[in-house]
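The sequence and structure come first.

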Amino acid sequence: MASGTAPAPRLPGLSAAGSFGRAALTVLPFLTLAALWQAGSTVLPPYLLPPVTEILGRAATILTTGELLGEVLATVARTLGGLAGAFLLGGLLAALMGRSRLTARLLSPLLTFLQGIPALSWVVFAVIWFRGTEVRIFFIMLVTTLPAFTFQLLDAYRSIPRDLAEMVASFRPRRWQMFSRLVWPAVLPGILTAWKVNLGNASRVVVVAELVGATGGVGYELLQQQQLFDMAGAMAWTLQLVLFVLLVQWAISAIEAAAFRYRAVSERAL
Amino acid sequence: MPEVFDQAPPARQAGPAEIRFEGVSKWYGGSRESGFLAVDAVDLEVRRGELVALLGKTGCGKSTLFNMIAGLQAPSAGTLRVQGHDPFRDFAALRGHISIVFQNDRLLPWRNALDNAAFGLEMMDVPKAERHAKARHWLARLGLHGHEADYPHALSGGMRQRVAIARAFATEAPIMLCDEPFSALDEITASRLRGEFSELVRETGRTAVFITHSIGEALEIGSRIVVLQRPARIAYEATMAGAGEAERTQIRARIRETLAL
């Protein structure tokens, strides 16, 4: 007699998708968009819709030309530097707010206020307040991503299960042991999520900052393409930034996959 | 013949008690009169090698007593000493002296069974090879050989609680506190674990305080049973060592009677 075990439930549309199928599903929308763009470029002038091949060619040139690649790397360094600064300062503020309700009550409204100020206003303030380009951009990156980092890290800290904290405390750990064995592993998922979210915001803000207050970087190059009405160039420089965001997101996902192997995976979620 | 008391007995043996409560009270908010009184003037001694079952209904303050012994809460009044130390104020002095088995397993989800079992030893700075050897030994003693590399999500509730018990035994702490450690398990698993647990406690000569709301569990495990009434106040106490079937039946009846009050 045949076994009565029912097959595992599968989500509609993904039943036959293996890793190849999933990769194809990811690429397909982009291929479709590129094909439509390419078709549009045959009927519209190049300053509106340049051919995909030209955009990709220009993007490749940027990546393979030392001077142009340097501009991309400058933007990458500014983005990561600003995020790192905001992360460290946000971590410190989150730790203070997590340990003291009074500090949390004092700082929360201030951070919410900062969050409400548009990035472009910060650019104007930075141009007026500071002289050096790098200082201006670092300040803008820091101040625009700090509130989100602080709130996300505070939330991760407050989400540490109380029963686990009691269990660890029952072994009478030193402060460092408490941090390294409980707090850090417990907040790590929140930290990585915060980086992913803030990376997207930072990549947009850095371009605006460079557009207004810098003489180099992707934002500055975009301004040059706009003045030349060079749509292919603008698209090629934009692609550099997208590529950077995708690379960092991929790196974070790889860290997550390695660090969170312990997590249970529900068959329903596959 | 067991000694049966209607009230807390005087100290019956010479020598230092491992745990000593002297007029310990605990209240939350305000004062004894205006706040919520959870523990009311408890006098209790737990001597070396005893397995004391603290028995009481839900909400009678058992867990507050437990948390005070563990040093997680301070008494509002009275004196509590564990091996001569105030467990709350001299918190660090008792490192390695107390191990706890909680109601739920409280395993760290990012650690496998071996690293969870070795966790207490790690807090005591025991070298990795040594702590892993001890953790492996205790996991094997508790029937988890072959599961060392498994993460908590891959283990059943009973297996996870075994890892938690292994974690407590591995530290070789002389005092073991257990807060209804089998109440979340099915009766068959709980019964099997209870037997293994009390055998291990006796075999290793630990002093143990076992909190429970089950009369059967208290009778099965305790070498002494202390019955608490709300707010945690000792209402009845019985020594089980050497008790025959008739005495056990009598004690069971007295406990039922006390808890019904």
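## A:L192 and its surroundings

Not counting residues up to four places away in sequence, A:L192 touches A:I252, A:I255, A:E256 and A:F260, where contact means heavy atoms within 4.5 Å. A:L192 is found in helix 8 of chain A; helices (H or I, at least four residues) and strands (E, at least two) are DSSP runs, numbered from the N terminus. The relative accessibility of A:L192 is 8%, so the residue counts as buried. Buried means under 20% relative accessible area, exposed over 50%, and partly exposed in between (1.4 Å probe, protein chains only).

## Basis of the values

This is a predicted model, in which local features need pLDDT of at least 70 and side-chain atom pairs count only at pLDDT 80 or more, while totals for chains, interfaces and linings use all residues. Residues are numbered from 1 along each chain as its sequence is written, chains are lettered from A and ligands numbered from 1 in the order in which they are written, and side-chain values use heavy atoms, with hydrogens and water left out.

A:L83 is found in helix 3 (residues 66-99) of chain A. With a relative accessibility of 0%, A:L83 is buried. Leaving aside neighbours within four places in sequence, A:L83 is in contact with A:T145, A:F149, A:W195, A:N198, A:L199 and A:A202.

A:F229 is found in the loop between helix 9 (218-227) and helix 10 (231-259) of chain A. At 64% relative accessibility, A:F229 is exposed. Although A:F229 is not a glycine, its phi is positive, at about 55°. The C-alpha atoms of A:F229 and A:L83 are 146 residues apart along the chain and separated by 32 Å.

## Packing of helices 5 and 6 in chain A

Two packed helices are described by the angle between their axes and the distance between the axes. For helix 5 (residues 119-129) and helix 6 (residues 133-158) of chain A, the axes come within 9 Å and cross at roughly 145°. Axes here are lines fitted to C-alpha atoms, for helices over the stretch in contact, and angles run from 0 to 180 degrees between N-to-C directions. The crossing of helix 5 of chain A with helix 6 of chain A is right-handed; a crossing is left-handed if the near helix is turned anticlockwise from the far one by less than a right angle, and right-handed if clockwise.

From helix 5 of chain A, A:A119, A:W122, A:V123, A:A126, A:V127 and A:W129 meet A:R136, A:F139, A:I140, A:V143 and A:T144 of helix 6 of chain A. These contact residues divide into nine nonpolar, one polar and one charged. Ala, Val, Leu, Ile, Met, Phe, Trp, Tyr, Cys and Pro count as nonpolar, Asp, Glu, Lys and Arg as charged, and the others, Gly among them, as polar.

## Nonpolar cores

A nonpolar core is a set of buried Ala, Val, Leu, Ile, Met, Phe, Trp, Tyr and Cys residues joined through side-chain atoms within 4.5 Å. The largest nonpolar core has 92 residues, and those with the most contacts inside it are B:I19, B:F21, B:L44, B:L54, B:L65, B:L108 and B:L177. Helix 8 (residues 175-213) of chain A gives the most to this core, with 14 residues. A second, separate core has 34 residues, including B:V101, B:V163, B:A164 and B:L193.

Beyond its neighbours within four places in sequence, B:L54 is in contact with B:L44, B:K62, B:L65, B:V209, B:F210, B:I211, B:T212, B:V226 and B:L228.

## Other residues in chain B

B:N67 is found in helix 1 (residues 62-70) of chain B. Its relative accessible area is 17%, so B:N67 is buried. B:D125 lies in the loop between helix 3 (119-123) and helix 4 (128-141) of chain B. B:D125 has a positive phi near 65°, in a residue other than glycine, and is partly exposed with a relative accessible area of 48%.

## Contact between the chains

The contact takes 20 residues from chain A and 26 residues from chain B. The area buried between chain A and chain B is about 2300 Å², of which carbon and sulfur atoms give 62%. A:F171, A:R172 and A:Y262 supply 39% of the area that chain A buries against chain B, more than any other three residues. Buried area is the accessible area (1.4 Å probe) that two parts lose on being put together, summed over both.
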